[in-house]
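Have the viewer open as you read.

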Amino acid sequence: MNTSSGNAAIPARGPNPGPTPAEVARRVMRSADRATLSTAQRDAGGWPYPSLVLAALDLDGSPLLLISDLADHTANIKADPRVGLLFDGTQGLAEPLTGPRVSVLGRAERSEDPRHRVRFLARHESASFYAGFGDFSIYRIAVERAHLVAGFGRIHWIAGEDLLFRLPDIETLALREPDIVEHMNEDHADAVALYATALLGQGEGGWKLTGVDPDGCDLRLEGRTARLAFDRPVFDAESVRAELVRLVKRARDRRGETPG
């Protein structure tokens, strides 16, 4: 699996078949920090109403939105919770239709879980300015199915239960995520910088880890985000540590460095 934050693709099948459609779909979704939200316009006969939203993902892969009661899309959700979300992984491609995108169908549910708010604001630090306003709430999308287009002729419908990780699998990592993120940023800032520069091709700067999940970790530098994928899903702190150590070694190898 490529650790780049760029566009996801499904490799040709062979002796080593590569990631599944669900894995590719989650990679596209986790790499995006925004999405197009489609709701049924309540005062226009249910016509589709598209809007741009900032997005984060829970550890299981469920999309998280921070939206205002004053917005049309929120009023639409309260009348009909069925939504569509388009995650676009084609940015920068000369031929966008050859790149991956994921359409998620599900139901938007207001969440009072403080962990969801923390995770969203870690992904979108600037949203902290208005997140405390009384009209803003976190909504979690209960995914029913998703449609992955990974290029011409590479099209898959994915059931929600196949796209998302199950709750028991992520509970341990969810409890440890804040400690892991704090430890990496405070004690291993050099490793985080290597992830961004040597593995993801980003410029130098004060990159910070903002979250870890079974598929990888998120990085941010001011308004820029980057995604570092793990080679395989992990579900506990020790496995995350092993992946992070392995990726540091890979980054040093690319730089031609030797551990001190």
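Predicted model: local features only at pLDDT ≥ 70, side-chain atom pairs only at ≥ 80, totals over all residues.

Residues are numbered from 1 along each chain as its sequence is written, and side-chain values use heavy atoms, leaving out hydrogens and water.

There are three aromatic pairs here (Phe, Tyr or Trp rings, six-membered for Trp, with centres within 6.5 Å; planes under 30 degrees apart are stacked, over 60 edge-to-face, the rest tilted). In one of them, Phe129 and Phe133 have ring centres 6.2 Å apart and planes at 65°, so they meet edge-to-face. Phe165 and Phe235 are edge-to-face too, because their planes sit at 85°, with the centres 5.2 Å apart. Phe165 is buried at 13% relative accessible area, while Phe235 is partly exposed at 27% (buried is under 20%, exposed over 50%, partly exposed in between; 1.4 Å probe, protein chains only).

On to charges: the structure holds 24 salt bridges (a Lys or Arg side-chain nitrogen within 4 Å of an Asp or Glu carboxyl oxygen). Among them are these:

| Salt bridge | Closest N to O |
|---|---|
| Glu177 and Arg119 | 2.8 Å |
| Arg227 and Asp218 | 2.8 Å |

Arg227 is buried at 4% relative accessibility, and Asp218 is buried at 7%. Both belong to one network of salt bridges with shared partners, which also takes in Arg26, Arg30, Arg123, Asp213 and Asp215.
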